[in-house]
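Take a walk through the model below.

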Amino acid sequence: MSYTLNVNGKAQTVDVDGSTPLLWVLRDVLDLKGSKFGCGMGLCGACTVHLNGMPTRSCITPISLVGAAAVTTIEGVGASPVGEKVRAAWVELDVPQCGYCQAGQIMAATALLTANPRPTDGDIDDAMSGNLCRCYTYTRIRAAIKQAAGLPTADTREA
Amino acid sequence: MARARAVETLERRAGAGRAGRGSVTRRAFLVASAAAGGGLLIDFSVPVFAATARGAHRRYTLNAYIQIDPDDTVTIMSKCPEIGQGIKTSLPMVIAEELDADWGKVVAEQAPLDGRAYGAQFAGGSFSTPMNYEPLRRVGASARAMLVAAAAQAWGIGPEHCDTQIPGYVRHTGTGRKLSYGALSARASRMKPPDMRMVKVKDPKDFRIIGKPLSGVDNPLIVTGQPLFGIDMSLPGMKYAVFEKCPVFGGRPVSANLEEIKALPGVRDAFLVPGARPTGLPDGMAITLQDGVAIIGDSWWAANAALDKLIVEWDEGPVASQSTESFDRMATALSSGLPGKILRRDGNVDQALASAAKVIEGEYAYPLVAHTPLEPMNATARYADGAVEVWAPTQNPAAGQGAIAKLLGLAPSNVTVHMLRAGGGFGRRLGTEYMVEAAVLSKMTGVPIKVLRNRKQDIQHEFYRPAGYHYFKAGLDGSGTLTAFRDHFVTFTSDGEKYSNSADMAPDEFPARFVPNLEYGVSMMLLGVPTGPMRAPQSNALGYAFQSFLDEVALAAGKDPIQFRIDLLRTAHLVPNPPPFGGRGPRRGGFMMMPEFDPKRGVGVLELVREKSGWGRRTLPPRTGMGAAFYYSHLGYIAEVMQVTVAPEGTVKVDKVWIAADVGRQIVNPSGALNQLQGGALDGISQALGQAITIDRGRVVKTNFDDYTLLRMNQAPPVEVYFNITDNMVTGLGEPAVPPAPPALCNAIAAATGKRVRRLPIDPATLVAT
Ligand code: FES
Ligand code: FES
């Protein structure tokens, strides 16, 4: 079946089975390798992209359901000022360890800050707890989100 | 921040192939001898490559690690695989420091696998820093001397009149005239490399790069989603493979509905693959190729989706009789008898226990644990004309090369392994079977193959951190001093004699040597589940058992748990014989002399963490408590304190973590170091809270991150880190923060609730308020 997608502002036509998840179309058909495969079941967030700005698990999103929605991936997230700030904070605070989860983390964080420019620690927990980091960089992810939001980065959840 | 070589795509790297590198023309040998910290001796060779043309510029080669472009770009090779431990940043920092390079002009690149050029290239044992720190300083200093010599020659003056005070330039000290490294690169590459033993390294007080928190060199590529990881590799004409194995370890396929599978859309082929492994039960890392069913697809999705339709008749083999439940029962039965063998016996434990003022008993058990790096196992291979090229995220490239060569009957020189960035390792990628699978499947199909596990396959066909059971007894005298200590350790064997991989315990496991009457005995159970090293192997489990029990003993003695540990470390102790390896047993491997365990450094970190955590000085609400643990592994001394709150229904929330670490006189990259310590402690918490691989009739029950749970953002506490800088060898940080975390957490739970965690993972049902 042929599908025309809108990926990072560009129309892309692909010929795949309608059940193929968006993740594998992005990675193996469109050669956008930034979105990662971690679990294939919506459990880890490594594959997170935006559909019309909403954080979405591309591993469980069949291509037939994407339609004309604007797909934004890690490769294109820097087009928005929030995405650019998030990326910069990630580099400045040296968030990644292995880095494998970080595309998904950045997508989730950008969606959070776009909807909620000054998130509390509780907001961060709610928005980010679906994104696993096996290297457990959570302390830095939290700080980088605050930095991108222009908030003090210190962890205020005092014991 | 250094730039990573901008978008050198993996495809292009593939194209460069084996011919893309200069040939070895000359060798310079270095024997670095760092006396402090005790006799580190490293044989180290640095061949010098001929200058190679590359891209727009000629890149001039100063040695195997350093190339300089006329435009001043300095390319520094990072010899070890990057798995998230930050080595691709920190080792080039060491070289750049002594080179007096401008870090802003440095590009770090993954070195090719070449033992002659780089020596041992692997990521394991937290060895990369201690093995390479001193030698790589000399690599940088030697190239710096060549640049200085080149400038001196150009100016017709003696090198003693030149300096490199300005990063990236040689300056004529007298006149201030200067030449950039790029301008000097051609001439410098023709200079004779100095004897690395003689070359002068900097006084650490003059460091400009080492000791600065620097962002990882690949970060700009990571945050923009550039292809970088093993899974991102692709080759022209490549097909995708899934490789399905028997749910029961060691089982094999008898037949499968292959014709039906081959007819599915997007499926190219399906066939049985005969395994190649040693006879007997599988032993973790030794597995090279298991029996299984391969499905080859035009896309990975198509091949993987075909698994839903795959019907296999398996010969399950003998392991199908094994279950976690039966091991639990067997361990209890074994614990009431005498150990199968004695590991260590000091003094007379029976007598000392009989005359003790107080005797404490404690049982502890921990489960099998899976590594689950977030990037599933994968590798890409291209077999053609009797040679194979493999691209893999691996911690152990040389072992993969050897295994492939052996299995395919090739000379190792016909097996090229490219190290790609790994989405986590934790020991899992010391195994090499995914590389072997890709190579074998490429040979069988005649096309380039990428093999990739789905998550269920990845969890169910690992080698696991072994489970274990400890039955402790301790005796205190009237003053609360520990006079007797016994552990009956029930563990596993893969063949009836040897320990299962990583299921052993060293005879000097602490508190051995610090208690006059002590006995460690071992009993073993036959296990068919493959086991192997996981981040801080042995230590990650033993830390929990020993540091939990010592906490019980401290409280029974009426002592503060931190003070009790300090007092114990200050006890006059026996001199080890043979000398310890990483504090965990006799010295293994010939490449490094390990310094002796220094109890004073343990006291140092315990005192530091006590002060920083406000230990004993905080008023805590009910069901909130603080716990401490100290552990020495991989040459690192780490003490951790945790504060936890246990809800009435038993749910555990970690409020905060404090870490004190002593890894010697220098932290190479404080940013990366902090990441490793924070991540390591949270890794330990994650294991303790939620991770257990259970076996039912020889198969792994867990399937994905819903039933095998990892710590998430909303469970991750703040982690404060403090370094105790001591004048000792510079050592690694990938592992040592893990072992103290589970016991610090469990000891805090005991302080909050009065209940000991006897078994991991923590079961909230046992912590319900009564
Ligand atoms: S890969 Fe999509 S949520 Fe894990
Ligand atoms: S950085 Fe490794 S999984 Fe998050």
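Which backbone oxygen lies 3.3 Å from a polar atom of the side chain of B:Gln110? The backbone oxygen of B:Cys80 does. This is a predicted model, where local features need pLDDT of at least 70, side-chain atom pairs count only at pLDDT 80 or more, and totals for chains, interfaces and linings use all residues. Residues are numbered from 1 along each chain as its sequence is written, chains are lettered from A and ligands numbered from 1 in the order in which they are written, and side-chain values use heavy atoms, with hydrogens and water left out.

Stay with B:Gln110. The residue lies in strand 8 (residues 106-110) of chain B. Helices (H or I, at least four residues) and strands (E, at least two) are DSSP runs, numbered from the N terminus. B:Gln110 counts as buried because its relative accessibility is 17%. Buried means under 20% relative accessible area, exposed over 50%, and partly exposed in between (1.4 Å probe, protein chains only). The side chain of B:Gln110 also reaches the backbone oxygen of B:Ser78, at 3.2 Å. Beyond four places in sequence, B:Gln110 touches several residues, including B:Pro81, B:Lys88 and B:Met419. Contact here means heavy atoms within 4.5 Å.

Now turn to B:Glu98. This residue sits in helix 2 (residues 87-99) of chain B. B:Glu98 counts as buried because its relative accessibility is 2%. B:Ile210 is 112 residues from B:Glu98 in sequence, yet the two are 9.3 Å apart in space, C-alpha to C-alpha.

Next, look at where the chains meet. The contact takes 64 residues from chain B and 52 residues from chain A. The size of an interface is often given as the accessible area lost when the parts come together. Chain B and chain A bury about 4,800 Å² between them, with 59% of it on carbon and sulfur atoms. Buried area is the accessible area (1.4 Å probe) that two parts lose on being put together, summed over both. On the chain B side, B:Val223, B:Leu374 and B:Met713 lose the most area to chain A, together 18% of what that side buries.

The rule finds three salt bridges across the interface of chain B and chain A. A salt bridge is a side-chain nitrogen of Lys or Arg within 4 Å of a carboxyl oxygen of Asp or Glu. B:Asp232 forms one with A:Arg27, with the closest N and O atoms 3.1 Å apart. The count between chain B and chain A is 26 residue pairs in polar contact (both at pLDDT 80 or more). A polar contact is a pair of N or O atoms within 3.5 Å; within protein, one must be able to donate a hydrogen and the other to accept it, and residues adjacent in sequence count only if both atoms are side-chain atoms. Helix 6 (219-223), helix 8 (300-305), strand 28 (652-662) and helix 17 (670-690) of chain B each supply at least two residues of the side that touches chain A. Helix 17 of chain B gives the largest share, ten residues.
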